[in-house]
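Keep the model open while you read.

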2 protein chains.
Amino acid sequence: MAAPLIDPRDLDFALWRVLDAEQLTGYERFADHGRETFEAVIETARRIAEDKFLPHAAKADANEPYLENGKVVLIPEIADAVRAFSEAGFMAAHHDADRGGMQLPWTIQQAAFAHFKAANVPTAAYPFLTIAAANLILAHGSEEQQRVWMQPMLEGRFLGTMALSEPQAGSSLSDVRTTARLLDDGTYAIKGSKMWTSGGEHEISENIVHMTLARIEGAPEGVKGLSLFIVPRYRLDETGKAGAPNGVRLIGLNHKMGYRGTVNTALSFGEEDDCIGWIVGEPNKGLLQMFHMMNEARVGVAFGAIMLAYRGYLESLAYARERPQGRHPGDKDPTTPQLPLIEHADVKRMLLQQKAVAEGGLMLALDLAMRIDRMNHDPAPDIRRREGLMLDFLTPIIKAWFSDQALVANHNAIQIFGGYGYTRDFPVERFYRDNRLNPIHEGTNAIQAIDLLGRKATQNHGAAFAAVIEAIDDTIIQAADIPEAAEIRDATRIARNWLVEITRELTQAAPEIGPIRLLANAEAYMDLAGLTVFGWIWTRQAIAAAREGGDFAQGKLAAARYVARWELPRAEQRARLLQSLDATLVDVQESWF
Amino acid sequence: MAAPLIDPRDLDFALWRVLDAEQLTGYERFADHGRETFEAVIETARRIAEDKFLPHAAKADANEPYLENGKVVLIPEIADAVRAFSEAGFMAAHHDADRGGMQLPWTIQQAAFAHFKAANVPTAAYPFLTIAAANLILAHGSEEQQRVWMQPMLEGRFLGTMALSEPQAGSSLSDVRTTARLLDDGTYAIKGSKMWTSGGEHEISENIVHMTLARIEGAPEGVKGLSLFIVPRYRLDETGKAGAPNGVRLIGLNHKMGYRGTVNTALSFGEEDDCIGWIVGEPNKGLLQMFHMMNEARVGVAFGAIMLAYRGYLESLAYARERPQGRHPGDKDPTTPQLPLIEHADVKRMLLQQKAVAEGGLMLALDLAMRIDRMNHDPAPDIRRREGLMLDFLTPIIKAWFSDQALVANHNAIQIFGGYGYTRDFPVERFYRDNRLNPIHEGTNAIQAIDLLGRKATQNHGAAFAAVIEAIDDTIIQAADIPEAAEIRDATRIARNWLVEITRELTQAAPEIGPIRLLANAEAYMDLAGLTVFGWIWTRQAIAAAREGGDFAQGKLAAARYVARWELPRAEQRARLLQSLDATLVDVQESWF
């Protein structure tokens, strides 16, 4: 390993100097913690990630899950890693101490978990899906469900999944057909097919708990008739241990381009009317509840994408420092030694792009985690409300915009390695394949863009949008007298002004042009909003860097300059397209293709 | 197969209606041909491509070449395909009739060959490298070399390679270390290591002819000391058949992300002083000569990238028409049937992007082929000169800009398929992996950008640049009274004006700022030039489409609108960066990363 999983300087910078995460200890829930316990947890995560997650990442890619005698076979290192994760207490890290948790802030948990994502995103998916499923039961399940189903997840005995999509209903959850029939004892008979369930079957845990969307017989069509069920692989015996099979049958495995360590399944429920589910919360509220898990998963997907970008950055940076190749333009003397790649301008461009997305994305992911902590624990209702609104707006942006840019970053990592980057001798080609999933799952990036423009930008009279703009404006004011931050601040202000103007114009035009035309250019709106947020986070980092001297701070300021000069000017181009209410995509007819 | 290899309407449109390739029959060399013979050749290629190249494309990807008892094992279908290609006369398609060739225009040969690339780029690499190697011997080799080495290539008995790169010299050919020592009989003893040689070893042909760069002992350092050699795998017996081994040893195979059917090798020459080479042309002119093959290979790489984009387009188009998913924004009635994907605006955006790159790229590749024909066969010296100049400027653009955009196209193809696109059940993930090589090989895209700005834009007092601008201006004038072409024409003119202005400003600034800073932003210059060329080719296609009615022409005009509205506005952004002589990439220090 030439490069560390995460440069500790970046994590320190984001957590303590940009975000001031130490202030979380001021909340009563975290009062027993301090920066030292936080750092100890992060250090434990780093060690387990390096020892148990990283070493098998390439092996899991080369040996994808397969079926043998009807059982899913994973390389054994995956189960070992999940066990080590769980035994260190990470499954319950943010849960109450009296449930066996560490009562950690979400922020610190995420800073710790960044190491598992950096080491091995596909293996990390098993615990992270489980944590999200447990959170869903905590938020909406009964006390009994928390005891019976959630508690074994916190102990790592049961793993969790999301069972939403179906073969005919991927993006369109409105068309979910799986049914639930109420039985005499209050449970439901579940019947239907699910597709793309990650971690849907394996032998690495005693049980698997599928958080499943289904439609109760007689419920309305569409998303308003979906309910949420706990559907386990095995029913429980009287001691709470996995017992008899519950009629969840594995139909097949999906063979993916990357992300191979995460077994991905097609499942059928109750083919022989033998599958039972327990409803979570009220009937027909399933999608609303599931959004709890989906929003967490969306940020999680983005964080995974960002850490893949981060890994590609560190790997290609190490290579660019070591590998001699070529000379400066104009230097035609072949008797001089070759320069390291990092001396070439275009290599520096590709490093800066990666640095900007990876380090900026890491900071933003932690920033969102801080907002989750404040939303959940701040005593002031207006702060809790504001943070919730900001999360509404920023979640689709981190998911879509950052997963797209993270893939560009991994592209650049390969390009720096040249031909070697295209071989399986270096990890960057794997990062690129793994990362290609992230714009697709947990709602395609097009869905995120429609969510952003069609819902988040306007809901509650634009309250979420206004909260984000206010935060950006605060940053712009903070940067007022900091010359090192002036350029990124000004570029961000221009993007911010465009975003405000375009949002206003589109909102005004919406009643006249209707939703189809309004949302046709949602991808351009996403890019405009993403660029604005990109500028915002780099302004914040520039402010923090300006307080420090030295090479590290210079690097942050250089990345901010790169963002200001090379990336943010695209905002105007996207804004002008949106301003024209361009109808190219509406007008083009199917028969013209 | 839901989709054809190439929609014949696109090929017809490009060849006969945009490019008017029938005029080639006016050249004496092609006088025996007519549109009918041209179309018969293309039809033969289509048939062989469908029968012999397409069916094993997925299998070759899943079964990459391996070593068994020291021999390279390829799936047998690859040899069958190469044989069928050769037996149909395609190895010699553009060669003289008295050499067994068809004396086809390069344009028609390329239109035919597009089908092999569309069907299976990795298998097509074997014949295409051979054709390029044969062309190199034709251009620079002696009569005897043509008879002894080239003729068996035209017959498909020998296959050819390019052996340039070395482990320590990928982009930097200046640092090639392979040596050549003159022997008494006029041949050379070759010694050294070569890396990344595609088709470097296999058992599918009687012999392999490596076109090899090496440095004659005592020759100057750097590129000025490189000479070109024919280095066969086997020496020839007195009848011209492959005989004794020639000391070319396989060191290992490179295991790639994609493009797997093309075996890629590390070779060592003359480890035991047992490797002989025949010099081609004069000593120390090797790189100049090799550029003949490299320019052909660069356009070939681009054409492969474009055909991968084209295949992804047709596959995702067919899927978008078939797959129902979701409803229009605002239509919340879940009892209505789901719409086909193609009805969604963002899917149309991704289809238009693919269509613009794939169909535009196909037309540009054929346009360059026409220029090669005119350069070689036009009786007027000024036309021959002009076409050569235009090829100089357009070659790095088609290689770099189109291979980048083709990868974006393949990204979009996957995105339209959603989760299915990420699985190996559909070919689009393979196209994406195959295509990732194209920005790397035959000179990375950064090298192309430096070549474009540092050499092609300014050489001969900007003659190549001026020739291209003149051609663009001709197109703009032709579009003057065609309302359907007005929008793409105007957008192209804006990009063209920026390109001219920026080229002028950079040329003026060059002596002061020096080559390092001049070339630091070459990537932005490449994008500006690429966008201008993109606008140019779509203006030409819009002019042709405006003469026709119907859905097909409407589709071309819609793609032109997409290019004008969604893509070309980026030109201004890139121009302003270039205009600022931005020094971000020069100033950032290695220690800041």
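Arg424(B) is partly exposed, with a relative accessible area of 33%. In this predicted model, its side chain meets that of Glu64(A) in a salt bridge, 2.3 Å from N to O. The pair crosses between chains. Arg424(B) sits in the loop between α9 (381-417) and α10 (428-435) of chain B, and Glu64(A) in the loop between α3 (57-62) and β1 (66-68) of chain A.

The structure holds 92 salt bridges over all chains. Between chain B and chain A the count is 10. The table lists some of the pairs.

| Pair | Closest N and O atoms |
|---|---|
| Arg565(B) and Asp582(A) | 3.1 Å |
| Arg249(B) and Glu271(B) | 3.0 Å |
| Arg455(B) and Asp451(B) | 2.9 Å |

Take the pair Arg249(B) and Glu271(B). Arg249(B) lies in strand β10 (residues 248-253) and Glu271(B) in the loop between β11 (264-269) and β12 (276-279) of chain B, so the pair ties together parts 22 residues apart in sequence. Arg249(B) is partly exposed at 44% relative accessibility. Glu271(B) is partly exposed too, at 41%.

Arg455(B) and Asp451(B) share helix α11 (residues 445-456) of chain B, 4 residues apart, about one turn of the helix. Arg455(B) is partly exposed, with 44% relative accessible area. Asp451(B) counts as buried at 6%. Elsewhere, salt bridges that share partners join Asp346(A), Arg349(A), Glu523(B), Asp527(B), Glu567(B), Arg570(B) and Arg574(B) into one network.

How do the two chains relate? Chain B can be laid on chain A with an RMSD of 0.0 Å by a turn of 180° and a shift of 0.0 Å along the axis. That is the relation of a two-fold axis. The same surface serves both copies: 100% of the contact residues of chain B recur in chain A.

In the interface, 96 residues of chain B are in contact with 96 residues of chain A. About 8,300 Å² is buried between them, and carbon and sulfur atoms give 59% of that area. Tyr422(B), Trp566(B) and Phe593(B) supply 12% of the area that chain B buries against chain A, more than any other three residues.

Now the helix. Helix α5 (residues 106-140) of chain A has 35 residues, but its end C-alpha atoms are only 19 Å apart. A straight helix would reach 51 Å. A kink of about 130° lies at Asn120(A), shortly before Pro122(A). Of the 35 residues of α5(A), 32 are buried, so the helix is largely enclosed by the rest of the structure.

Conventions
Residues are numbered from 1 along each chain as its sequence is written. Chains are lettered from A and ligands numbered from 1 in the order in which they are written. This is a predicted model: local features need pLDDT of at least 70, side-chain atom pairs count only at pLDDT 80 or more; totals for chains, interfaces and linings use all residues. Side-chain values use heavy atoms; hydrogens and water are left out. Helices (H or I, at least four residues) and strands (E, at least two) are DSSP runs, numbered from the N terminus. The expected span of a helix is 1.5 Å times one less than its number of residues. The bend at a residue is the angle between axes fitted to the seven residues ending there and the seven starting there. Buried means under 20% relative accessible area, exposed over 50%, partly exposed in between (1.4 Å probe, protein chains only). Copies are superposed by least squares on the C-alpha atoms of residues with pLDDT of at least 70 in both. Contact means heavy atoms within 4.5 Å. Buried area is the accessible area (1.4 Å probe) that two parts lose on being put together, summed over both. A salt bridge is a side-chain nitrogen of Lys or Arg within 4 Å of a carboxyl oxygen of Asp or Glu.
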